[in-house]
Amino acid sequence: MIFANIEYLFLLLLLIPYIIWYVMQHRKSEPSLQVSTTRMYMKVPASWKVYLVHAPFFLRIVTFVMITLVLARPQTTDNWQNTEIEGIDIMLAVDVSTSMLAEDLKPNRIEAAKEVAAEFINGRPNDNIGLTIFAGEAFTQCPLTVDHGVLLNLFKNINCEMAQRGLIDDGTAIGMGLANAVSRLKESKAKSKVVILLTDGVNNRGDISPLTAAEIAKQFGIRVYTIGVGTNGTAPYPMPTYAGVQYVQMPVEIDESVLTQIAATTEGNYFRATSNSKLKEVYQEIDKLEKTKLNVKEFSKREEAYHVFALIAFACILLEIILRNTVLKKIP
């Protein structure tokens with residue numbers, strides 16, 4: 001325990017003259033009843049009230065001490081503790097092209113990917129995790145952060161509307177998405193750096209090819225895990241028309257060869273997720289990645305600890321008032 005205003009403890013020095021004054025005053029006090037001799041009272045046992053005569057004095061001292069301690073603001077001490085946790089730096093690169101609206105996964109590919117990825121993020125509280133999204137172009141939705149609440153809020157709001165409305169180019173720029181994620185990890189000091197890239201198509205946009213981006217990732221020691229999401233054959237796709245939304249069967253085209261080469265180049269793995277359950281299994285498998293031990297200094301905040309002293313002071317004041325008005329009451 002420490003004191004925020006320790007200078008107030010000097011007030012305790014005032015107790016010295018007060019105690020001296022009380023002792024001298026007690027010696028000079030005159031008896032309230034004068035008698036010619038006290039011989040007749042020699043063998044009379046002392047009343048228990050005699051032992052309480054100095055109780056108010058003692059209670060006042062305790063009260064003064066407690067009030068002084070309250071003014072000095074006692075606080076619990078800050079605790080610094082070095083702990084070792086495990087964590088890695090992870091960038092999620094998620095395809096948000098319009099093809100991710102296909103409903104072979106429920107309710108559709110993008111929402112299924114968001115749900116499973118959110119569970120993955122919640123299961124790794126010690127990791128720095130960021131988010132890159134890409135369609136015909138790529139950009140960072142959230143840089144690396146341990147504030148997973150912020151990350152999940154941003155992640156929850158991603159959808160395919162940007163590509164639908166033309167805010168960004170539609171298409172699948174796998175190389176650009178991977179390169180953007182790598183740019184966020186290249187300065188990382190973590191021993192283990194990972195990109196989890198999820199797409200449902202074939203690279204058809206962007207200035208950087210997927211394999212070039214994979215070579216860049218390899219140079220920075222970044223391991224890439226690729227996920228191809230989508231069933232086999234065709235998938236129902238909601239097509240807006242003048243008559244409303246019509247479903248058409250869209251062929252599922254995933255460039256598994258390129259995704260496999262990206263993973264192999266960076267010593268990662270390629271996974272195929274053809275259903276919600278398979279996608280969940282993929283993230284569970286990735287969750288078993290090697291973790292890097294990190295030294296973390298934990299800090300516990302100071303808290304005010306004056307309450308006990310204030311209660312003792314109040315109790316002493318109350319007890320003194322009771323004694324002076326009951327058993328120690330003086331006759332005028």
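Predicted model: local features only at pLDDT ≥ 70, side-chain atom pairs only at ≥ 80, totals over all residues.
Among contacts in the protein between residues at least 6 apart in sequence, what percentage join residues at least 24 apart? The figure is 82%.

Let me begin with the overall picture. The protein has 332 residues, and 39% of them count as buried. Its secondary structure consists of ten helices and twelve strands.

I now turn to helix packing. Two packed helices are described by the angle between their axes and the distance between the axes.

Consider helix α6, residues 174-185, and helix α7, residues 210-219. Their axes lie 7 Å apart, at an angle of about 15°. An angle under 35 degrees counts as roughly parallel, and α6 and α7 are therefore roughly parallel to each other. The crossing of α6 with α7 is left-handed. On the α6 side, the contact is made by Ile174, Gly175, Leu178, Ala179 and Val182; α7 contributes Pro210, Ala213, Ala214, Ile216 and Ala217. Of these residues, nine are nonpolar, one is polar and none is charged.

Helix α7 also packs with helix α8, residues 256-265, again at an angle of about 15°, with the axes 9 Å apart. By the same cut-off, α7 and α8 are therefore roughly parallel. Here the crossing is right-handed. From α7, the contact involves Pro210, Leu211, Ala214, Glu215 and Lys218, and from α8, Val258, Gln261, Ile262 and Thr265. This contact divides into five nonpolar, two polar and two charged residues.

Key: Residues numbered from 1 in each chain as written. Heavy atoms only, no water. Helix = DSSP H or I, 4+ residues; strand = E, 2+ residues; numbered from the N terminus. Buried < 20%, exposed > 50% of the residue type's maximum accessible area, 1.4 Å probe, protein only. Contact = heavy atoms within 4.5 Å. Axes fitted to C-alpha atoms, helices over the stretch in contact; angles between N-to-C directions. Parallel < 35°, antiparallel > 145°, perpendicular 65-115°, else oblique. Left-handed = near helix turned anticlockwise from the far one by under 90°. Nonpolar A, V, L, I, M, F, W, Y, C, P; charged D, E, K, R; others polar.
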